[in-house]
Amino acid sequence: LALFERPLQPCRSTVALRVDGTAFQRWQAHLAQALPGQVTQQDHTVSISLYFADPDGNPYEITTYERAP
């Protein structure tokens, strides 16, 4: 679990979770059903992250460093 400070904005601290590759795929599938069209994926070369917000606008990031071969 990691928290990142951002410039002063209401409710903009990101909750970031690091998961293994299997958990990442499960989160990706779950979020595609739970939040269709509201999740973005970013390839950071050494990691892959999913970004989304809950209904209150709180941002989340789920990241894995276990890339598929």
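In strand E5, Thr63 is the bridge partner of Ser49. The model is predicted, so that local features need pLDDT of at least 70 and side-chain atom pairs count only at pLDDT 80 or more, while totals for chains, interfaces and linings use all residues. Residues are numbered from 1 along each chain as its sequence is written, and side-chain values use heavy atoms, with hydrogens and water left out.

**Sheet**
- Strands E4 (residues 48–53) and E5 (residues 59–64) run antiparallel and are joined by six bridges; strands are DSSP runs of E with at least two residues, helices runs of H or I with at least four, numbered from the N terminus, and two strands pair if DSSP finds at least two bridges between them.
- The five strands form an open sheet with mixed pairing, in the order E1-E2-E5-E4-E3.
- Strand E1 (2–4) and strand E3 (40–43) stand at the edges, each with a single partner strand, so one side of each lacks a neighbour in the sheet.
- From one strand to the next, the twist averages 25° (axes are lines fitted to C-alpha atoms, for helices over the stretch in contact, and angles run from 0 to 180 degrees between N-to-C directions).

**Helix packing**
- Helix H1 (residues 21–34) packs on the sheet and touches E3, E4 and E5, its direction making about 35° with that of E4; contact means heavy atoms within 4.5 Å.

**Largest pocket**
- H1 gives the most to the lining of the largest pocket, with five residues.
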